[in-house]
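Hi,

Here is the structure I said I would pass on. Have a look at it first, and then read on for what I found.

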Amino acid sequence: MKIFSCSSCQSRVYFPNSVCLSCGHGLGFDADTLTIVALEPAGEDGLYRKVSIRNDKDAPGDVRYCENAVHGVCNWLVPDSGDATLCKACACNRTIPNLSEVGRLEAWREVEQAKKRLAYSLLRFGLPLDGGPQGAPPLTFDFVAEAVTGHENGVITLDVLEADSVERERRRQLFDEPYRSLLGHLRHEIGHYYWMLLVERGGAIEDYRSIFGDERQDYQGALAAYYANGAAPNWAESYVSAYASAHPWEDWAETWAHYMHMVDAVETAEALGMEPRAAGLLFGATWPFKKYDVYRQESFESLMERWVPLALALNSLSRSFGHRDFYPVVISNVAREKLAFVHRLVRAGAH
Ligand SMILES: [Zn+2]
Ligand SMILES: [Zn+2]
Ligand SMILES: [Zn+2]
């Protein structure tokens, strides 16, 4: 993710911040420009004017906080001009946790943090949240306790108990998933959503099958076999994760999630000025490196050229602290083909 600064005093601020600790201005996330903006009261209660360092005469209109700000779960802004009271990201929520139950508000806050980061990436890619031109169902979230996490026909259900780190760790070990996280879950499930839009309705089903296999094979049977027997010992030759080997749908969703992890990590490293480049190791390379927007990068190969040195650096840093590799994954040529396919479809589906 990008690094944000307060549009009033230029101090560094972070994506979830709703107040600038340096100058005291309220802050909100403007989903149209994908930046954090400082706010000034605009007379009427709850109405704000965006503070612009450039003193834009044509700075767009006044804004309000998303309705969910009262619960402390959202810092996104809503234009005052329309009828919407929820921001673009919260408008996708169909069910939120029962806030009268103990711990649910805290869990929802964590879930919203992960969902906002997910939404940031989708908006950066320019992917539709409303079902897109093919008229698929709009993206919808059900956040409920003790539900089965999954995707069905546009609806992503997330068990909010996953926000509890102890419970998540228990399940992580139970299912032997090294990267079990809320954000990882959401990126996986959103992968199923965009399969429906970009593969099934996007005219890419034949290409998909030639790379990932035939998804018409028995899904329940495949999952039952996976949970009974585990992945084949050589799964890493073809998949980004063990679970991806369970079924072509899961392979796509795992590959999609992996792709989103890579893009976010590369953007974050670049924003922090910490992006290692293979080219940077060569004598005579100049610093700083040319900036490329990883969300707009045409070729998958150039993403890989940025990702591989970053992954190596992450592992080396992890070793510096006496931990095992942070990213113990070697992307095989087969998995690379799959990631490249996801990249092409994301590019084609972006507007
Ligand atoms: Zn400030
Ligand atoms: Zn919101
Ligand atoms: Zn799945």
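Let me start with a helix contact: Phe300, Glu301 and Met304 of H7 meet Arg336, Leu339, Ala340 and His343 of H8. By type, the residues in this contact are four nonpolar, one polar and two charged. Before going further, please keep in mind that this is a predicted model.

As for the geometry, H7 and helix H8 (residues 333–349) pack at about 120 degrees, and their axes are 10 Å apart. That angle makes H7 oblique to H8. The crossing of the pair is right-handed.

On the H6 side the contact is made by Tyr259, Met262, Val263, Ala265, Val266, Ala269 and Glu270, and on the H7 side by Phe300, Leu303, Met304, Arg306, Trp307 and Leu310. Sorted by type, that gives 11 nonpolar residues, two charged ones and no polar ones. Phe300 and Met304 are worth a click: both are listed in the contact with H6, and both also meet H8.

**H3 against H6**

H6 has another partner in H3. The axes of H3 and H6 come within 8 Å and cross at roughly 115 degrees, in a right-handed crossing. The list of residues runs like this:

- From H3: Gly184, Arg187, His188, Ile190, Gly191, His192, Tyr194, Trp195, Leu198 and Val199.
- From H6: Trp249, Glu250, Trp252, Ala253, Glu254, Trp256, Ala257, Met260, His261 and Asp264.

**The cores**

What sits at the centre of the contacts in the largest nonpolar core? Of its 82 residues, Trp76, Tyr194, Trp252 and Trp256 touch the most other members. Helix H3 (residues 182–200) gives the most to this core, with 11 residues. There is also a second, separate core of five residues, among them Leu223, Tyr226, Ala242 and Tyr243.

Leaving out neighbours within four places in sequence, Trp256 is in contact with Leu127, Arg187, Ile190, Gly191, Tyr194, Leu198, Val342 and Val346.

**A few single residues**

His185 lies in helix H3. Is it buried or exposed? His185 counts as buried, because its relative accessibility is 12%, and buried means under 20%. Not counting residues up to four places away in sequence, His185 touches Thr149, Leu158, Glu162 and Arg180.

Most residues other than glycine have a negative phi. Leu34, however, has a positive phi near 55 degrees. Leu34 belongs to the loop between strand S3 (26–30) and strand S4 (35–41), and it is buried, with a relative accessible area of 11%. Asn153, which is not a glycine either, has a positive phi of about 50 degrees. Its place is the loop between strand S10 (150–152) and strand S11 (155–159).

**Two pairs to look up**

Ala69 is in the loop between strand S6 (63–65) and strand S7 (77–79), and it is partly exposed at 26% relative accessible area. Ala69 and Cys87 are 18 residues apart in sequence, with 9.9 Å between their C-alpha atoms.

Asp207, in helix H4 (residues 205–212), is also partly exposed, with 46% relative accessibility. How far from Phe341 is Asp207, in sequence and in space? The two are 134 residues apart in sequence and 8.7 Å apart in space, C-alpha to C-alpha.

Cheers

Key
Residues numbered from 1 in each chain as written. Chains lettered and ligands numbered in written order. Predicted model: local features only at pLDDT ≥ 70, side-chain atom pairs only at ≥ 80, totals over all residues. Heavy atoms only, no water. Contact = heavy atoms within 4.5 Å. Helix = DSSP H or I, 4+ residues; strand = E, 2+ residues; numbered from the N terminus. Nonpolar A, V, L, I, M, F, W, Y, C, P; charged D, E, K, R; others polar. Core = buried A, V, L, I, M, F, W, Y, C linked by side-chain atoms within 4.5 Å. Buried < 20%, exposed > 50% of the residue type's maximum accessible area, 1.4 Å probe, protein only. Axes fitted to C-alpha atoms, helices over the stretch in contact; angles between N-to-C directions. Parallel < 35°, antiparallel > 145°, perpendicular 65-115°, else oblique. Left-handed = near helix turned anticlockwise from the far one by under 90°.
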